[in-house]
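Subject: Structure for your review

Dear colleague,

Please find below the structure that I am handing over to you.

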Amino acid sequence: MSRGVYAITGPNGSGKTTIAKLIMGINELTSGKIVFNGTDISRLPINERSNAGIVYGFQHPARFKGTTFRDLLSISLGSDDEEKLVDIISRVGVCSMDFLDKPVDSKLSGGEIKKIELATVIARNPKVAIYDEPDTGIDLWTIGPMVELLKREQKENNTTTIVVSHNKHSGGRRHPFAHQKRQNRLYRRSGRGDPHAGRFKRLYI
Ligand SMILES: Nc1ncnc2c1ncn2[C@@H]1O[C@H](COP(=O)(O)OP(=O)(O)OP(=O)(O)O)[C@@H](O)[C@H]1O
Ligand SMILES: [Mg+2]
């Protein structure tokens, strides 16, 4: 995959999260290989893939009793500098400073935890950012700006941004770079103006 925004969509249980976890190294490959920047990373542990710039935002983020959003964000950012933290939370559309000191525990709402996950991925300044259903539980007022945010982050940092989503605004069938999971293969539907427009092209990642 070259740099840009990609969307992976497909039915429940078709393996979208599995692909994301394979790229991150959370799941182990049984066959095939994963090549990143010309290097086979199939056997690299998660921390080395992470150091190489691959970051995964979980579909179901973990909650940590006794840890605040500020703690998590500082770890992701590698700094607890207030100005930098504020810059990140304003980029993800969190206006309230109080939010920074919220505990990342079971009391957080489903949408709040997804926003926190999004912020921690962005704070890592990834080269490959994988967002697993970032729009799940997110209110209608936030979805549009979130899609814009991901596109802007991609452009500014020239990342490869992969979004797993069922939402047509984030990807879906109509998105020019939509990738569908069918018969255990990923297919790419080319955009308008492309000679393959309307046809599915097999895509290897
Ligand atoms: N660690 C695992 N061991 C065995 N089977 C697993 C494991 N993780 C996932 N699966 C199975 O693999 C299939 C694909 O799961 P996956 O979570 O990748 O689906 P998905 O496309 O992300 O679905 P959804 O849209 O519901 O999030 C499912 O049938 C799931 O039960
Ligand atoms: Mg999934």
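Among the contacts in the chain with a separation of 6 or more, what percentage comes from residues 24 or more positions apart? The figure is 63%. Please bear in mind throughout that this is a predicted model.

Overall composition. The chain holds six helices and nine strands. Of its 205 residues, 31% count as buried.

The nonpolar core. As a general remark, nonpolar side chains in soluble globular proteins tend to be buried together. In the present chain, the largest nonpolar core comprises 36 residues. The members that touch the most others are A20, A119, I130, Y131 and V163. Helix α5, which spans residues 110-123, supplies the largest share of this core, namely seven residues. For A119, the contacts beyond four places in sequence are L73, I88, I89 and V92.

The pairing of α3 and α4. Two of these partners of A119, L73 and I88, also take part in the meeting of α3 with α4. Helix α3 covers residues 69-77 and helix α4 covers residues 82-91; their axes lie 11 Å apart and form an angle of about 100 degrees. Because angles of 65 to 115 degrees count as roughly perpendicular, α3 is described as roughly perpendicular to α4. On the α3 side, the residues involved are R70, L73, S74 and L77, and they meet K84, L85 and I88 of α4. Sorted by class, this contact has four nonpolar, one polar and two charged residues.

The ligand site. Which residues surround ligand 1? They are G10, N12, G13, S14, G15, K16, T17, T18 and Q59. By class, this shell contains eight polar residues and one charged residue, with no nonpolar residue.

G137 is located in the loop that links β5 (128-132) to α6 (140-157). Is G137 buried, partly exposed or exposed? It counts as partly exposed, because it has 14 C-beta neighbours inside 10 Å, whereas a buried residue needs 20 or more and an exposed one has 12 or fewer. Apart from neighbours within four places in sequence, G137 is in contact with G110, G111 and K114.

Yours sincerely

Notes
Residues numbered from 1 in each chain as written. Chains lettered and ligands numbered in written order. Predicted model: local features only at pLDDT ≥ 70, side-chain atom pairs only at ≥ 80, totals over all residues. Near = placed C-beta within 6 Å. Nonpolar A, V, L, I, M, F, W, Y, C, P; charged D, E, K, R; others polar. Axes fitted to C-alpha atoms, helices over the stretch in contact; angles between N-to-C directions. Helix = DSSP H or I, 4+ residues; strand = E, 2+ residues; numbered from the N terminus. Parallel < 35°, antiparallel > 145°, perpendicular 65-115°, else oblique. Contact = placed C-beta atoms within 7 Å. Core = buried A, V, L, I, M, F, W, Y, C linked by C-beta atoms within 7 Å.
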